[in-house]
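Good morning, and thank you for coming. Please keep the sequence and the structure in view while I speak.

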Amino acid sequence: MNVTGNVTGERKVPGGKLVRVDGRVEDGRLHDVVVSGDFFLEPDEALDDIRASLEGLDVNTTFEGVTAKVEEARGDAVMFGFAPKDVALTVFRALGRATTWDDHDFELVDAGPLEPLMQMAVDEVLARQVAEGRRKPALRIWDWASSAVIIGSYQSVKNEVDLEAAAEHGISVVRRVSGGGAMFVEPGNTITYSIYAPTTLVAGQSFAESYKFLDGWVLRALRGLGVDADYVSLNDIASPAGKIGGAAQKRFAQGAVLHHVTAAYDIDADKMTEVLRIGREKLSDKGTKSAKKRVDPMRSQTGLERAEVVEALIAEFRDSYGLTTVGLDDATRAEAEALVESKFATDEWLYRIP
């Protein structure tokens, strides 16, 4: 890192208190550290110990390393409204190694309707552009040009999809770059979106924590539409009426996180269960014997047209974080088309796990 001079970082702990770290960076180390906030800490002397643990800190210390230093320094002290990892994340924000939503200018990428293979390629290209600094962080609401089953990066094709049924219904089968389970999508009946952001936005967060963090705006939007939505388990967005959608995530080594969600606006449940092989083990984990009972589309829960739901989602993101609409430029489209040919349309990729 090439940070020097005075630095400041703040973190409002979700459901907790504000933590602030001030200091000065010189020769790659943190000096004159001050830790403050509206938290509670007993005994008082522990604050001096925590501050001392950060004095002279190498600015390249890992998040786990900073957390361990604070944890050791706090000893038996009781921390109310914050934890060692919150101090570590605040240090990271001071050093520019972690960011907040407000640190970024997001774009809404309007790509228009795309075929499934292009959807997969555009997703990867946009994420890599953000990682390489060629594009601002972005949100994309997908428009599907045709129906598809999208399997997770680590799933077996034959175990997840009835290929004969898919062919009979004219449904494409494609593999995405992120993990997670298979998704059944149809034009007009599905709402899919992606967030492309620097990994600094989710620094210090586990995958489980980052899922809900990156989809907080969606939960707010759905609640505003009268849907009592929340996260269930690791990556499902659901309400008491049933599952609404599923999230998946890919973190690129170059420095970007790709987070995407597919939600059912309306759904042909009979067709879905013909095409997808949803095993008993997965259904038992969800507490049901029928895949149809697992999914309750947003149409039935909101009574709104798909376009109205999409507009509510976009409005919530824009109001929360800001958003400027841009089109999919020709260079990006060409880059994605080349990636379809070299990767996503190949049997090597689709059947890499037969």
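The expected span of a helix is 1.5 Å times one less than its number of residues. With that in hand, I turn to the model before you, which is a predicted one.

I begin with helix α13, which covers residues 306-321 and so numbers 16 residues by definition of the run. From the first C-alpha to the last, α13 reaches 23 Å, close to the 22 Å expected at 1.5 Å a residue.

Which residues of α13 are buried? They are Arg-306, Val-309, Val-310, Leu-313, Ile-314, Glu-316, Phe-317 and Tyr-321.

Tyr-321 leads us to the next residue, His-104, because the two are in contact. His-104 is placed in the loop between α3 (84-94) and β7. Is His-104 buried or exposed? Its relative accessibility is 11%, and buried means under 20%, so His-104 counts as buried. Leaving aside neighbours within four places in sequence, the contacts of His-104 are Thr-99, Pro-137, Pro-198, Thr-200, Leu-201 and Tyr-321. With Thr-99 there is also a polar contact, side chain to side chain, at 2.8 Å.

Let me now consider charged pairs. How many salt bridges does a search of the whole structure find? The search finds 22, and I shall describe some of them.

In one of them, the side chains of Arg-134 and Glu-132 meet at 2.9 Å, N to O. Arg-134 is partly exposed, with a relative accessible area of 46%, and Glu-132 is likewise partly exposed, at 43%.

A further salt bridge joins Lys-212 and Asp-230, whose closest N and O atoms are 3.1 Å apart. This pair links distant parts of the chain: Lys-212 belongs to helix α7 (residues 207-214) and Asp-230 to strand β14 (residues 230-232), 18 residues apart. Lys-212 is partly exposed at 40% relative accessibility, and Asp-230 is partly exposed at 29%.

Lys-243 and Asp-236 also form a salt bridge, with 3.5 Å between the closest N and O atoms. Are these two residues buried or exposed? Both Lys-243 and Asp-236 are buried. Elsewhere, salt bridges that share partners join Glu-10, Arg-20 and Asp-22 into one network.

I close with a sheet. Strands of a sheet pair through backbone hydrogen bonds, either parallel or antiparallel. Here, 4 strands form an open sheet with antiparallel pairing, in the order β1-β2-β3-β5. Which strands lie at the edges? They are β1 (5-12) and β5 (57-58), each of which pairs on one side only. Strand β1 runs antiparallel to β2 (residues 18-26), and 8 bridges join the two. Within this pairing, Arg-11 stands opposite Val-19 in β2.

Thank you for your attention.

Methods. Residues are numbered from 1 along each chain as its sequence is written. This is a predicted model: local features need pLDDT of at least 70, side-chain atom pairs count only at pLDDT 80 or more; totals for chains, interfaces and linings use all residues. Side-chain values use heavy atoms; hydrogens and water are left out. Buried means under 20% relative accessible area, exposed over 50%, partly exposed in between (1.4 Å probe, protein chains only). A polar contact is a pair of N or O atoms within 3.5 Å; within protein, one must be able to donate a hydrogen and the other to accept it, and residues adjacent in sequence count only if both atoms are side-chain atoms. Contact means heavy atoms within 4.5 Å. A salt bridge is a side-chain nitrogen of Lys or Arg within 4 Å of a carboxyl oxygen of Asp or Glu. Two strands pair if DSSP finds at least two bridges between them.
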